Amino acid sequence: MSNTSERISTGLVELDPILFGGFIKQSSYLIRGGPGQGKTTLGLHFLSAANPQNSALFIGFQETEEQLRANAKAVGIDVSNIHFLRLSPDEHFFTDQQGYDVFAAADVEQEPLAQSIIEAVERALPTHVFIDSMTQLRFLSADIYQYRKQVLSFLRYFRERGATVLFTSELSTELPDDDLQFIADGVITLDTAPTGSFIQVSKFRGSNFLRGPHQVRLGHRGLEVFPRPLPPKANFSEDERWRWNTDIEKLDEILGGGLEAGTISLITGPSGIGKSTLASLFVARAAAQGRKAAVYLFDEELSALLHRASSLKINLKEPLTDGRLSIEQVEPLRYLTDEFARLVMRKVEEEDVELVVLDSIAGFELTLGGSHESKTAIHALAKSLSRRGASVLLVNEVQALVGQFRISERGISYLSDNVIFMRFMEVEGELKKLLGVLKKRLSAFDTRVYTYEIGPTALSIGAPVGKQGWQNVLGGQQAVHE
C-alpha cells in the first residue's frame, strides 16, 4: 500500500507543484496522448530524476536503445543511469520472415516477454519504471479480460517491489484506453489545443492537484511545463496604502492622490490618445522614488517608446540603464500564455519589481491566438501579481475614436480597482483629448472630465469640460457647447 505522504519528483520542476509535490511512491500513472505529444520525453525526465541510490528502468516496445539515448541527448536529458530493456522486434523478424502460422502470437511471445522483464527487474531492482507503451500487451492477450488481468498483475508486480511506474497508451479510436484509466492511480494527458500544447491531470488517487490545462513546450530542453498562475488567497488588511503618482500635481489630484499600491488599474482609450505616455509617467515616477518597475511592450517598439519619452522629458533611459526599470519588447507569438505569466511572476518575486505594465492587452491576447481564454489568463496573471503586492497597469485600446463611450470591448473592467479613461472629442473639426476617472475602489477621486494636452513636456491638464461650456461629451452624440 502506497503512503501518500511519500513523494518522488516527476523530473520536471514545474510539474511537481501541479501534483502537490510529485508522484506518490509505489503508484502507477497512465500518460495519455497522441503521437508527438511528449509522452516518452516525460518518461525520460521521470527516470532521469532517480538519484544515484535508486535505479531506473525503461521498458520499450518501439524505439531502440540507441534511438532513445540519441533523442534524450538532443534535449539534454541525462540517461546514463537508466537501464533499457528493449522488447521491440529486431531486423531479423523482417528479413527472416518470422511469424506464426499455427499458434497465436500471444501463445508464443508472452512467456519469453515476461521472463525478459523479470530478469531485467531482478538485475536493476528499479525504483522508477517507465513502460512505453502498455498498449503492446493488448496485442499479446487473447481478449480484453485477459489483457486487463495482465495489466493489473504487471503493475502489482512492480508495486510489490517498491517501484513507481509510469506507462503510456497509444490512444486511438480502435484502441481506447478507458480500461487503463480505471486501473491507473493517476491519469495525465498530453494534448494540443488552438492555444498550444498542454498537460492536464484528470485523476490522482490520494492527493489533490491543480486542475485544468497547463501549457507545455516540447523543444530543445525536453518537455517544459508552465503551470497556470493561481492567485493566492487575498490578505485582509486595512492599512493605509501608499500611492503611485505621476508628479503632475493636477493629474494626481484628479486621482485622489494617486493609485493605491497593490491594485490593478486600467488605462483605456483609442489609439494615439496617450495611454502609453500616461503609463510612462507612473513608471518614471516609480523609478525616481527608487522603486522597481517592469514594462512589457507588445505593440510599440522599444526605441519609439524611449524616443517619445525623451522628447516629452519623461526620464526612462536613466532608470533603464541602472536597473530600476526593465522594458521587454515582447513578440507575442514567441511565448505561450502561461510561459509569459511565469516570466512576469519571476520578475516580481526574484527582482522585487513593484509595478508591472502590460502594454497592451490586445498584444497579450495575441499570445493566446485571440482565444476566448484571454480573459481568464489576464485575470489569473493580474490577480496573482496584485495579491503578491505588485501593482498592475493594464493598457487597453478601444476601437472607436469617438461615439458611444465604452471602457473596454474585452469585458475586463470588473478586474480593475481603478479605471482611467481617455477619449477624443471633435470640436469644430479638431480632436480634443479628454481624461477622467471612472472608478477607484479604495479612495475618493475627482469625477469631472478634463481636457488635456501631451507635450511639449509630459502631459498638461486643462480645465474641466463643464467649465469650458461643453456638455454630453460621453454621450455618443455630438457634444453641446452652452
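Visitor: Which residues form one aromatic cluster?
Guide: Keep in mind that we're looking at a predicted model. The structure holds 13 aromatic pairs. One aromatic cluster is made up of Tyr296, Phe298, Tyr335, Phe340 and Phe364.

Visitor: Is the aromatic pair of Phe58 and Phe84 stacked, tilted or edge-to-face, and what is the angle between the planes?
Guide: A ring pair is described by how far apart the centres are and by the angle of the planes. For Phe58 and Phe84 the centres are 5.5 Å apart. Planes under 30 degrees apart would count as stacked and over 60 as edge-to-face. This pair is tilted, at 35 degrees.

Visitor: How many residues apart in sequence are the parts that Phe58 and Phe84 tie together?
Guide: Phe58 belongs to strand β4 (residues 56-60), while Phe84 belongs to strand β5 (residues 82-86).

Visitor: Are Phe58 and Phe84 buried or exposed, and what is the relative accessibility of each?
Guide: Buried means under 20% here. Phe84 counts as buried at 16%. Phe58 is buried too, with a relative accessible area of 2%.

Visitor: What kind of aromatic pair do Tyr157 and Phe158 form?
Guide: Both Tyr157 and Phe158 are buried. Their ring centres lie 5.4 Å apart, and the planes are 75 degrees apart. Planes over 60 degrees apart count as edge-to-face, so the pair of Tyr157 and Phe158 is edge-to-face.

Visitor: Which residues of β4 are buried on each side?
Guide: In a regular strand, side chains alternate between the two faces of the sheet. In β4, 5 of its 5 residues are buried. One side has Ala56, Phe58 and Gly60, and the other has Leu57 and Ile59.

Visitor: Which residues stand opposite Gly60 in β5 and β6?
Guide: β4 runs parallel to β5, joined by 5 bridges, and it also runs parallel to strand β6 (residues 128-132), again with 5 bridges. In β5, Gly60 faces Arg86. In β6, its bridge partner is Asp132.

Visitor: Which strands are the edge strands of the open sheet of 9 strands?
Guide: The order is β5-β4-β6-β7-β3-β8-β9-β10-β11, with mixed pairing. Strand β10 (residues 214-219) pairs with β11 in the antiparallel sense over 5 bridges. The edge strands each pair on one side only, and they are β5 and β11.

Visitor: How far is the charged end of Arg291 from the centre of the ring of Trp242?
Guide: A charge sits over a ring only if it is within 6 Å of the ring centre and within 35 degrees of the ring normal. The charged end of Arg291 does sit over the Trp242 ring, and its distance from the centre is 3.6 Å.

Notes. Residues are numbered from 1 along each chain as its sequence is written. This is a predicted model: local features need pLDDT of at least 70, side-chain atom pairs count only at pLDDT 80 or more; totals for chains, interfaces and linings use all residues. Side-chain values use heavy atoms; hydrogens and water are left out. Rings of Phe, Tyr and Trp (its six-membered ring) pair if their centres lie within 6.5 Å; planes under 30 degrees apart count as stacked, over 60 as edge-to-face and the rest as tilted. Helices (H or I, at least four residues) and strands (E, at least two) are DSSP runs, numbered from the N terminus. Buried means under 20% relative accessible area, exposed over 50%, partly exposed in between (1.4 Å probe, protein chains only). Two strands pair if DSSP finds at least two bridges between them.
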